[in-house]
Each structure stands twice: as structure tokens, then as C-alpha cells.
Amino acid sequence: MTADVGHPYGTLVGRKWARDAQGRIQVDSASGLPVANPDQVILGNYNPDWVGGITNTFTYKNISLSFLLDGQWGGNVYSVTKWFGNYAGILKGTLQGREIDWDNPGYVVPNAVYEPGSAWAGQPDTTHVNIQDYYENTFYAQETGMVDATYLKLRDARIAYQLPDRWVQRLGFSSATFSLVGHNLLIWTKQDIIDPETAFDAANRQGVENGQLPTARTIGFTFTIRP
């Protein structure tokens, strides 16, 4: 993350694949693998376009249902989990190209052309590469680790039953409520690799996820009484 003159705070920079004027990835004519741009460029920004939430409670007789939804729209996260997971071949996205065997049928980089200076410069790429070689090559371009940080979470939900007064008064109390509660029950994201609600540390190094465990889901109950 950088803070540069002329750019908003929170800019994430790194390397992308080299591309031609039409945005097509340039590959090495000998190996068929994408070539990284040697210059660092802007990959995104970790600041969301907006954040918000909504909470409400519905009550019917002695039963109440409450919930809290919150989330954010926009923003980016550089996910080391995704970047290194691709490099190591442990994510489901890396199965393409090895449906039959570990190196069969291979992989042709989509929307790619051969790099300038080669005998086939600018021509569409037709070279089949070993999928392991392809993903190991992603080590050199951080753009492969970028994810959309948009998410919506069912942060809290609670269903409560207030015991009838005649029951409670026999026990010497004025009221009693039994509740079933849950936290971080559901998440909706634009990607399924990581939980985008992440923080690298408490300083300025935000917008980076490095093997972080997802937010834990908890379910429990409470019993509240009033004398």
C-alpha cells in the first residue's frame, strides 16, 4: 500500500502481466508463459466505495426476531492466500488444464499474443503449457492475487421467547427470556477464496490478507431473568 501524490490513500501497487494496446496478455514465444511488466503499477485500492448495515426487530406476541446485516461495496484486497494458492496448485481454479492428468491436456493462456521481438510478435497465442508451469509463473505478477473486497454478512441473528408472566412470577421473577443467538452466520462475496473482511495489522499496511483465518461462526443461547 502506498500514499502517492495525485492518488487516493490506500493505493495497492505491484506488477501486472505485460499487455498490448488491446489489453491482451503478452506471452514468451518459447515457453508460452505470460511475461511480467517490469514496472510497478496500480492494482487497486483497499478503500470501499461505501460501507453500511441494517438492523431490525420483528415481534409477535412473546416471540421476537432480530438481525444485523452489514458489509461493504468496492475496494480491493491483495490476497497472499490466493496468490500462493495458485502458485502451489492447491486452489480449485488450478484444476483447469489437468482434467485428465497432471500435465494433460495443458493450458493455452486466454486472450494472449506473442511478445514483441519474437518471430510471431502480435499473433494469437496457441502454445499449450503445463498448468504447473503456468501457475508457478504467476509468482511474478501480483495482479493474480487481487480480489474484490465486496461482501455482505449476516452478522447477528437472535430469536427470543419471553416466558409468560404467570410462569415467571411463580419463580419469583418479573420477567424471563430465552434466546437463540448466532454471530457471523452467512457471508456473500464476489469471490470464494477468502473472507474479505481482513486487516493485516493496526498500522498503515492495510489491504493485504496473508493466510488469515475466516471470521468464526458462533451459535449459542442466553437465558435472561429480571428480579
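Buried means under 20% relative accessible area, exposed means over 50%, and partly exposed is anything in between, with a 1.4 Å probe and protein chains only.

A word on the model. It is predicted, so to speak of a local feature here takes pLDDT of at least 70, and side-chain atom pairs count only at pLDDT 80 or more, while totals for chains, interfaces and linings use all residues. Numbering starts from 1 along each chain as its sequence is written, and side-chain values use heavy atoms, leaving out hydrogens and water.

Rings of Phe, Tyr and Trp (its six-membered ring) pair if their centres lie within 6.5 Å; planes under 30 degrees apart are stacked, over 60 edge-to-face, and the rest tilted. The structure holds eleven such aromatic pairs. Trp83 and Phe84 make a tilted one, at 6.3 Å centre to centre and 55 degrees between the planes. The rings of Tyr114 and Trp120 are tilted too, because their planes stand at 50 degrees, with centres 6.1 Å apart. Tyr114 is buried at 7%, and Trp83 is buried at 12%, whereas Phe84 is partly exposed at 41%. Trp83 and Phe84 also belong to one aromatic cluster with Tyr78, Tyr87, Phe139 and Tyr140.

Now for the sheet. Strands (E, at least two residues) and helices (H or I, at least four) are DSSP runs numbered from the N terminus, and two strands pair if DSSP finds at least two bridges between them. S6 (residues 76-79) and S11 pair in the parallel sense over two bridges, and Ser79 has Glu209 in S11 as its bridge partner.

Finally, look at Arg155, which sits in strand S9 (residues 151-162). Arg155 is buried at 14% relative accessibility. Leaving aside residues up to four places away in sequence, Arg155 touches Leu68, Asp70, Gly182, His183, Asn184 and Glu197, contact meaning heavy atoms within 4.5 Å.
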